[in-house]
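Welcome! Take a moment to look over the sequence and the 3D structure before reading on.

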Amino acid sequence: MGALAAETAAPLPAAANDAAPASRSLLRFITCGSVDDGKSTLLGRLLYEAGAIPDDVIATLEADSARIGRADRGLDYSLLLDGLQAEREQGITIDVAYRYFSTARRAFIVADTPGHEQYTRNMATGASTADLAIILIDAGKGVLPQTRRHALIAAFVGVRHLVVAINKIDLVDCDAGRIRAIETAFRSAITGLAFDSVTVIPLSARDGDNLAALSPRTPWYDGPTLLGWLEAVGVDGAAGGRGFIMPVQWVNRPDAAFRGFAGTIAAGSLAVGDSVDILPSRQTARVTRIVTFDGDLQRAGAGTAVTLVLDREIDVSRGDVIVAAGTAQRAVRVRTSLDAKVLVTGQAALVPGATYLLRLGTASANATVERVVHGIDIATYEERDRASVETNELAVVRLRFDRPLAVASYAVSQGLGAFILIDKVTHETAAMGTVLGEAASAHRPRLQLVGQSFEQAMVRTYGGDWRRNLVPATTWRLGSALLLGVVVGVLTGHPGYAAAAAAADALVRPLLRHLHRGLWSRWSARREAPLAENGGGI
Amino acid sequence: MTSPSHLDRLEAEAIGIIRETLATAERPVLLYSIGKDSSVLLHLARKAVYPGRLPFPLLHVDTLWEFQEMGRFRDDLAQKLGLDLIVHVNREGVAAGVNPIDSGSRIHTDVMKTVALKQALDAGRYDAAFGGARRDEEKSRAKERVFSVRTRDHRWDPKSQRPEPWQLFNTLKKPGESFRVFPLSNWTELDVWAYIEREQIPVVPLYFAAERPVLWREGTWIMRDDERMPLLPGEVVQHRMVRFRTLGCYPLTGAVESTATTVPEIIAEMRASRSSERQGRLIDFDSAGSMELKKQEGYF
């Protein structure tokens, strides 16, 4: 493109500025709170403090503030954010609005989302790609049920850093005791939720306290300013380190000579010459080229969009997952059913038996809701028995797919652990979900498995109508054990030996019999079981 | 391995969006407006499909009132890169005599851009149209999805937008429905310029300051690109160092006074700048919600 570049400009000199935008890191964050908490005001003020609001926009803001009639409070910073006309008129934020600003150290992408319970799904969407969440608490009101809900949703989508902005500190006269009490209440309210950091900052969005500069009104506060923390919080390390994972997004076959597998590396890194496994088919190949527009790479890391060429002709298509070969990538498993946490985003309830189109990574499959394991109360975090899951509700469900899929738990890989369910008729996005780790998902099913295996053991031992046979079987077992005890007692003259023998006869014999049968059935199952069993590793 | 920079992440995200469209759409098309965002979009599309050539056409809706330099740039680029370029003009609008001078900006934009775009999309039966719009341009665009569903009539309903958690896109559509796909959703104007510099992407020279014949009208500098634009009483053509932050129909596009003749100078100027990009676009000023209304009707 040299000729055209020369037409537009002489050869470009190197960037003169140290803080060139190209070298800055990126922080994605979300603000959660209700209209009354001053969430949009906080964000508008933050943009203003960062110098991100152009003069002509401020001029429009002054006109809008007067027209909509909240001018008595000075500049209404929230009007910078409430984008859609209906929202401006109603004074509420309905949808997710994205905002962009940058400082010398970082570029920021902000999702401004609604706070009301009916918009929980919008908040979850905004939070899903966020590194950090700001939860607003009105100092005059303290921790509310919605505060716990926002923290739960942030934890559900895996936000790593939480900032608790205790806003309107002037309402409590910037009193350290009151604000520390709110902090204590908050920390105990979110017990059980995992975050890398939880930072509590007292501030006033309207007046600017502790936003860009520490406020003289809170001399007792020794933490960072909000903007200072947003610039400093560590966000690297989320990707990389673990074994290589790349979902195949698109097969690039421009002509007969080239066949490459395009995708974005979800985790780990890859070098030319590495062996890889293709899932779910479990084929193995070696990487011969890592192709990009800017030239072939010898090594590529997480977050890079690449095109891989393999050393042999194998059947790979969109939705397959390329992982480091052998045992290097144990976190990815081929499964046809799993337990997941879902948030219902559609208008219709999620009901057992319903089948949806699942999108996980780049894969698609039909997914049937087998059952609702339990609902999760979004304000109290309590587990509840639920027959179905309504809009904006959270639950753990068991899903079954119509074909094996390569998945990982969400804690291990966002790329292979997050999914959406699409209504096949209305095409509405019915739910968003995260795959539970096997330890977590096994919690309830394991109890059920114990129940099942007890039932199965009884059937194996006493036959299909074991319940009816239970009384005669038990009396026979106890009777014969008692008789053995009497015989031992007579022969040894020791009541302790008699009791031990009776107990051993009553318990150990059925146990040994059960174990014996178990071993036989396991051996025969291994010979007959298909290779791609549910949950079977790679 | 160093962690990817801000621009690397935006680039990978955009390439991912383009590939997602190629994998799920039957007849994609790239809406090419000749502007800087379109130039970046085209560059990213070439990266996404490399080593292949673009497997879809570019569509330019020509209002016949755009700067002459834009047309030259478009034709040179298409020839140089061997692009499959479709240029569509609303001939009914031309026959009806619609133009920005006599019809006003609203009617001209509606007939020659919005209606023309729908005609071209219908004619090509395109089910996914890439656009270079960014969320930072305007308030109603801040809520636009990456994959934006349009009805059979190309209408946008801001109330029934699909959530896009984790960048997982619901690409299902009913017959007649289509998508507008915005790979640059998360880019800012500054990101676009920084990327143009890094990748040495050619852009129309109108973005760089030069002495141009301009006149002061409705609070901005308008360039008199040809004789079709009559002067109003009292207006005088002057030669001033100006550049354009956005490009479109010349009588509707305001210039800013500037001395920035290179990309780094533009970036430096933007850092110091206190005006938003769309300030130079007269069509957005009708009312606060005007862009939202245009979008609902099918404008980009």
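The report below walks through confidence, the sheets and a pair of helices.

## Ground rules

This is a predicted model, in which local features need pLDDT of at least 70, side-chain atom pairs count only at pLDDT 80 or more, and totals for chains, interfaces and linings use all residues. Residues are numbered from 1 along each chain as its sequence is written, chains are lettered from A and ligands numbered from 1 in the order in which they are written, and side-chain values use heavy atoms, with hydrogens and water left out.

## Confidence in chain A

Let us start with pLDDT, the predictor's confidence in each residue, from 0 to 100. Chain A averages a pLDDT of 80, and 77% of its residues score at least 70. Residues 1-21 of chain A have a pLDDT below 50, and this stretch has 39 contacts in the model beyond near neighbours in sequence; contact means heavy atoms within 4.5 Å. Residues 440-466 of chain A also have a pLDDT below 50, with 23 contacts beyond near neighbours in sequence. Where pLDDT is low, the predicted coordinates should not be read in detail.

## The sheet of chain A

Helices (H or I, at least four residues) and strands (E, at least two) are DSSP runs, numbered from the N terminus. Two strands pair if DSSP finds at least two bridges between them. In chain A, 6 strands form an open sheet with mixed pairing, in the order 2-3-1-4-5-6. Strand 2 (97-102) and strand 6 (197-202) of chain A are at the edges with a single partner strand each, so one side of each has no neighbour in the sheet. From one strand to the next, the twist averages 25°; angles run from 0 to 180 degrees between N-to-C directions, and axes are lines fitted to C-alpha atoms, for helices over the stretch in contact.

Within this sheet, strand 1 (residues 25-32) and strand 3 (residues 106-112) of chain A run parallel and are joined by 7 bridges. A:Leu26 has A:Ala107 in strand 3 of chain A as its bridge partner. Helix 2 (residues 39-49) of chain A lies across strand 1, strand 2, strand 3 and strand 4 (132-138) of chain A, at about 155° to strand 1 of chain A. Helix 5 (residues 120-128) of chain A lies across strand 1, strand 2 and strand 3 of chain A, at about 165° to strand 1 of chain A.

## The sheets of chain B

Chain B has an open sheet of 6 strands in the order 3-2-1-4-6-5, again with mixed pairing. Its edge strands, strand 3 (85-88) and strand 5 (147-150) of chain B, pair on one side only. Strand 5 of chain B runs antiparallel to strand 6 (residues 178-181) of chain B, with 4 bridges between them, and B:Arg150 has B:Ser178 as its bridge partner.

Elsewhere in chain B, strand 10 (residues 254-257) pairs in the antiparallel sense with strand 8 (residues 220-223) over 2 bridges. Strand 9 (residues 238-243) of chain B pairs with strand 10 of chain B in the antiparallel sense, over 2 bridges.

## Two crossing helices in chain B

How do helix 1 (residues 6-24) and helix 2 (residues 36-49) of chain B meet? Their axes come within 9 Å and cross at roughly 70°. The two helices of chain B are therefore roughly perpendicular to each other (angles under 35 degrees count as roughly parallel, over 145 as roughly antiparallel, 65 to 115 as roughly perpendicular and the rest as oblique). Among the residues making the contact are B:Ile15 and B:Ile18 of helix 1 of chain B and B:Leu41 and B:Leu44 of helix 2 of chain B.
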